[in-house]
Amino acid sequence: MSAGGPGGGPGSPATPTGPRVLLVEDDDSTRTSIASNLEAHGYRVREAGTAAAAVRAWDTQRPDLVVLDLGLPDADGTTVIRRVRRDGTTPILILSARDDEPDKVAALELGADDYVTKPFGLEELRARVAALLRRAAGPAADTTGSIVLGPLVLDVTRRAVLVGATPVDLTPREYELLKVLMSQPGRLVTRGTLLRAVWGRQYVEEDHYLHVYVSRLRRKLAAADPTGTVRDLITAEPGIGYRIREP
Amino acid sequence: MAAVALLPLATVLIALAEGPPLRIADASPLYLVAVVGVAVVFGTGAAIAAAVAAFLLYDALFVAPRFTLLVDNPEEWLNLLLLLFVGIVIGRLAALQAERADDATRRAGESRALFRISRTLTTAASVAEALPVIVDDLLAETRMDRIWLSRQEGAREMVVADSGGGPRPSHRIHVVLTRTPGDQPARWVQEHRPMERAGNDPPDPGSGLFRTTISAGNEVLGAIWATRSRAEGLPDREETRLLSLAADQVGLAFRREHLIETANAAEIARQGEALKDALLDSVSHGFRTPLASIRAAAGGLLDPEVTWSDEERREAARTIDSEADRLNVLVRNLLDMSRIEAGELRPSLEALDVEGLVTPVVERVTRALQQPPVQIAFSADLPPIRADANLFDEVLANLLENAARYAPDAVTRVTASTCADGRVQIRVEDAGPGVPEASLPRLFDKFYRVPREGEGARRGLGIGLGVVRGLVEAMGGEVSASASPLGGLAVDIILDPAPEPPGEPTGAGEPGEPGELGEPGEKAPA
């Protein structure tokens with residue numbers, strides 16, 4: 001099924017104005033079931049089975065989001081990421097096999113926004129797609145004013161953090177960590193990126209305390225929040241990185 | 001040597017005995033004492049020479065006419081010839097006796113040395129461990145300056161034991177002990193060695209280098225090398241025997257070790273086959289059960305004859321979904337197991353906060369398995385652990401899935417505390433039926449399943465806990481199982497605490513600026 005084709009299930013016809021998704025996946029049956037499911041949920045899906053087809057589709061259609069399998073028959077999926085990033089900030093969701101940890105990290109550091117690991121549930125995939133589109137649609141993170149995520153407020157000018165009305169006492173590095181995560185909500189930020197941003201380039205390869213800092217930060221935020229909404233805001237992807245969800 | 005003085009001494013004594021006042025008619029037997037003495041000390045040849053000398057001396061000095069070899073009285077001839085005959089016979093007998101005694105002593109020493117060598121070889125944990133002892137033993141039993149033992153590794157000769165230190169001499173010319181089968185005595189033969197001189201040690205023309213080849217069958221396994229001053233000459237018979245017998249013993253030991261290694265390799269291969277069979281059995285069973293559920297559900301959905309209610313259709317899809325999840329866990333564990341066994345696991349260790357690590361996994365697994373909440377308790381002041389976040393995640397997920405499978409709906413508890421030695425213990429325990437005491441030590445073995453009644457098709461693959469152990473050990477930790485006070489099984493994971501973070505907080509750390517990875521002692525300006 002291609003863009004503009006008939007919708008999946010009866011009673012949910014494709015919305016001709018829905019977000020345009022470029023789905024790059026070489027396995028036919030996987031691609032077909034993802035495409036029909038996304039279409040059933042109102043997305044306009046353009047399918048590509050190779051990197052070359054993906055780049056052609058990107059050039060002609062400029063979709064709102066790219067779902068990209070890294071293992072393509074003709075070229076590494078990262079060539080597609082590079083191409084898309086050359087032209088803009090369109091969200092990229094990676095589909096990856098389980099044992100590809102270094103590949104996932106490489107793709108994320110090249111500019112991909114998130115990943116789902118095969119085998120995944122379609123529900124999970126749709127949730128990630130929706131979150132990425134929501135973020136892309138929202139205003140760009142304003143690093144001169146305040147970043148607001150539900151009850152969580154990071155005041156960049158005053159270097160202050162509030163949960164509701166309660167100020168949270170953070171160390172400089174905890175503050176920087178939170179700022180990096182909050183300036184790209186929903187996006188999975190790799191450990192390498194966080195270390196570079198908060199501690200500096202020389203710490204990227206070292207045995208580091210990132211996890212300890214993030215845990216401490218989570219606890220401080222949770223302690224300032226009696227409602228429990230911000231408790232699970234920061235999530236860890238073991239071995240990959242961290243993200244802050246939109247509440 | 002005192003023995004040389006025995007003949008003159010005897011001569012003097014005879015002169016005294018035959019002269020006034022004793023005037024003994026014939027004191028010539030005193031010479032026999034001297035001959036025996038010479039025989040004992042110098043052997044047969046010297047004894048005969050001494051007997052002849054005694055005969056001539058007595059004739060010349062004591063038989064008239066004196067100071068000539070002539071004999072006036074014919075009776076004296078008989079005396080003289082008897083002296084000569086008895087001297088030679090006694091001399092030879094005495095010399096023979098002495099040689100035998102000497103030989104016996106030497107043989108005793110030699111067999112003691114050989115016994116020590118073979119006992120060392122049989123009692124040492126490995127041949128390699130025995131060789132230095134043997135080299136020292138040989139050095140003590142021979143008059144060599146230094147002895148070393150080399151082993152043939154393909155084309156190279158590797159020194160495996162050396163009684164001395166420093167560079168070893170490597171002359172172009174050395175003496176080789178050639179041994180031929182049968183009764184042929186071993187011979188030392190000079191040999192030019194076409195090898196390069198090792199290192200920068202100058203050849204020492206004053207020393208001789210001796211080689212005794214260690215072989216078994218036609219295969220050269222190594223050599224015993226010895227060196228000593230060239231002035232000492234070739235090794236004597238006993239040294240030669242000792243060196244060649246020691247070479248035989250060591251050769252046998254090398255051979256035996258090789259056979260044991262071959263046998264071990266065969267045994268490992270056999271066990272590998274058995275494991276493969278167990279794997280196939282486990283995998284085919286473990287995979288067929290969820291696959292059967294999936295096909296049944298999918299087949300039902302595809303059947304045009306059956307009208308499904310929405311709820312039924314969802315139920316069938318849920319079955320497919322959860323069984324596929326189960327297959328996914330099986331595949332994950334099998335892949336982990338093969339990575340562990342291939343040594344391909346490269347944990348990336350970092351400092352991890354235990355609470356931040358454990359809580360999300362517990363929440364995820366309980367949600368996925370629809371289990372009652374798990375109790376979590378952490379002791380205060382728990383240090384960060386040094387582990388791989390991914391691997392730890394899998395370890396904990398495996399343990400929780402295990403508890404959910406064997407102790408469904410029972411209380412499950414995860415606790416973390418600091419051990420006396422500073423390491424961190426993370427315990428996963430349940431109030432389920434538990435594991436019999438006898439099964440505890442084997443719990444982490446691959447494909448081991450606790451024998452249970454009525455487990456049927458829901459049994460596991462028997463590798464989950466094996467994977468747990470492999471992953472924990474890859475992170476430098478330990479894992480053990482015991483009976484939980486809750487009534488079920490308790491699994492303890494012990495991991496190292498993370499090292500102290502580098503660099504102390506400077507206190508004046510510029511806010512937000514990249515700096516030392518210090519404890520966050522600094523406060524953010526509010």
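1. Conventions. The model is predicted, and local features need pLDDT of at least 70, while side-chain atom pairs count only at pLDDT 80 or more and totals for chains, interfaces and linings use all residues. Residues are numbered from 1 along each chain as its sequence is written, and chains are lettered from A and ligands numbered from 1 in the order in which they are written.

2. Chain B overall. Chain B contains 10 helices and 13 strands, taken as DSSP runs numbered from the N terminus (H or I, at least four residues, for helices; E, at least two, for strands). Of its 526 residues, 30% count as buried, that is, with 20 or more other C-beta atoms, placed from the backbone, within 10 Å of their own. Among contacts (C-beta atoms, placed from the backbone, within 7 Å) between residues of chain B at least 6 apart in sequence, 63% join residues at least 24 apart.

3. Nonpolar cores. A nonpolar core is a set of buried Ala, Val, Leu, Ile, Met, Phe, Trp, Tyr and Cys residues joined through C-beta atoms within 7 Å. The largest has 115 residues, and A:Val24, A:Val67, A:Leu68 and B:Leu400 have the most contacts inside it. Its largest share, 11 residues, comes from helix 9 (residues 389–406) of chain B. A second, separate core of 30 residues includes B:Val127, B:Leu209, B:Phe210 and B:Ala226.

4. The sheet. In chain B, 5 strands form an open sheet of mixed pairing in the order 8-10-11-13-12, where two strands pair if DSSP finds at least two bridges between them. Strand 8 (375–378) and strand 12 (478–483) of chain B are the edge strands, each pairing on one side only. Strand 12 of chain B pairs with strand 13 (residues 489–495) of chain B in the antiparallel sense over 6 bridges, and B:Ala481 stands opposite B:Val491 in strand 13 of chain B.

5. Helix 3 of chain B. Helix 3 (residues 44–62) of chain B has 19 residues and reaches 26 Å from its first C-alpha to its last, close to the 27 Å expected at 1.5 Å a residue, a span computed as 1.5 Å times one less than the number of residues. Its buried residues, among them B:Phe55, B:Tyr58 and B:Asp59, fall within an arc of 165° seen down the axis of helix 3 of chain B, so they line one face of the helix; the arc is that of the directions from the helix axis to the C-beta atoms. These buried residues pack against helix 1 (6–18), helix 2 (29–42) and helix 4 (74–123) of chain B.

Conventions: Buried ≥ 20, exposed ≤ 12 C-beta atoms within 10 Å, placed from the backbone. Contact = placed C-beta atoms within 7 Å.
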